[in-house]
Amino acid sequence: MKHTQYVAREPDAHGHIHYPDAEHAVWQTLIERQLKLLDGRACQEYLDGIDRLALPHERIPQLGEINRVLAATTGWQVARVPALIPFQTFFELLASKRFPVATFIRTPEELDYLQEPDIFHEIFGHCPLLTNPWFAEFTHAYGQLGLRASKEERVYLARLYWMTIEFGLVDTPAGRRIYGGGILSSPKETLYCLSDEPEHQPFDVVEAMRTPYRIDILQPVYFVLPQLRRLFDVAHEDIMAHVRNAMQLGLHQPKFPPKAA
């Protein structure tokens with residue numbers, strides 16, 4: 001996707017970003033609606049991160065508020081970006097422990113779904129787990145790998161990111177739970193992913209890289225970690241060897257229909 005209708009808001013001379021009341025109202029609707037769904041569905045590490053961030057309900061948080069918590073827990077920061085950024089910039093940010101956040105929020109007309117990641121998706125979906133050292137280490141290693149990867153290799157790395165950071169599930173002593181930010185920021189996917197409708201597969205790095213996906217549908221298959229610490233272990237494996245293996249084996253057949261032209 002190359003174009004977006006959204007424009008990121010710029011900070012003033014003091015670094016403060018001003019949002020109109022209507023946009024604060026959208027944030028409040030999104031966060032209060034989503035929090036009601038997450039008990040018994042989100043993994044405990046994510047819920048712990050939500051507690052640490054103490055996100056406001058009535059307004060969009062400032063990035064500095066998020067940075068203070070991330071710096072104190074894992075040394076990460078968030079970085080203000082436009083609505084869409086190149087892969088190279090994305091990997092550079094992650095490699096330097098900065099998570100990109102586009103400073104716009106969706107319109108009421110796109111409350112349930114939009115293709116480009118907005119501030120709600122990035123802060124509510126991803127930042128709570130960036131307070132977790134296992135998740136933070138995996139995200140950092142992923143950025144470093146992406147910087148060194150070729151264009152072809154990055155496509156396989158993108159599938160790994162999609163099946164973990166965006167749409168990953170994890171088994172816990174309390175049952176199967178969500179840790180992927182793409183799910184945690186979507187009410188429909190939060191309910192759907194743990195139902196009997198989609199396929200659940202045990203997490204395997206190579207299999208995740210070989211699995212096609214579409215960004216505009218509910219996912220037909222989710223990969224399930226045995227525990228969240230598995231991400232930390234993956235970060236210390238030879239992920240590029242997995243990429244080469246996946247490239248040699250090739251892609252699986254898609255489990256979804258082709259997108260209409």
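Predicted model: local features only at pLDDT ≥ 70, side-chain atom pairs only at ≥ 80, totals over all residues.
Helices here are DSSP runs of H or I with at least four residues, strands are runs of E with at least two, and both are numbered from the N terminus.

Which residues of α6 are buried? They are Phe 135, Ala 136, Phe 138, Thr 139, His 140, Ala 141, Tyr 142, Gly 143, Leu 145 and Gly 146. Buried stands for under 20% relative accessible area, exposed for over 50%, and partly exposed for what lies in between (1.4 Å probe, protein chains only). The helix itself takes in residues 133–148, 16 residues in total, and spans 23 Å from its first C-alpha to its last, close to the expected 22 Å. That expectation is 1.5 Å times one less than the number of residues. At the start of α6, look for Asn 132, where a side-chain oxygen comes to within 2.9 Å of the backbone nitrogen of Trp 134.

Residues are numbered from 1 along each chain as its sequence is written. Local features need pLDDT of at least 70 and side-chain atom pairs count only at pLDDT 80 or more, while totals for chains, interfaces and linings use all residues, and side-chain values use heavy atoms, with hydrogens and water left out.

Now for the charged pairs. Side chains of opposite charge can pair when their charged atoms come close. The whole structure holds 12 salt bridges, each a side-chain nitrogen of Lys or Arg within 4 Å of a carboxyl oxygen of Asp or Glu. One of them links Glu 65 to Arg 59, with the closest N and O atoms 2.8 Å apart; Glu 65 is partly exposed at 25% relative accessibility, and Arg 59 is partly exposed at 29%. Another joins Arg 214 and Asp 216 at 2.9 Å, N to O. Here Arg 214 is buried, at 16%, whereas Asp 216 is partly exposed, at 24%. Arg 230 pairs with Glu 237, their closest N and O atoms being 2.8 Å apart. Arg 230 counts as partly exposed at 21%, as does Glu 237 at 29%. Through shared partners, salt bridges also tie Arg 214, Asp 216 and Lys 259 into one network.

Key. Polar contact = N/O pair within 3.5 Å; in protein donor to acceptor, adjacent residues only side chain to side chain.
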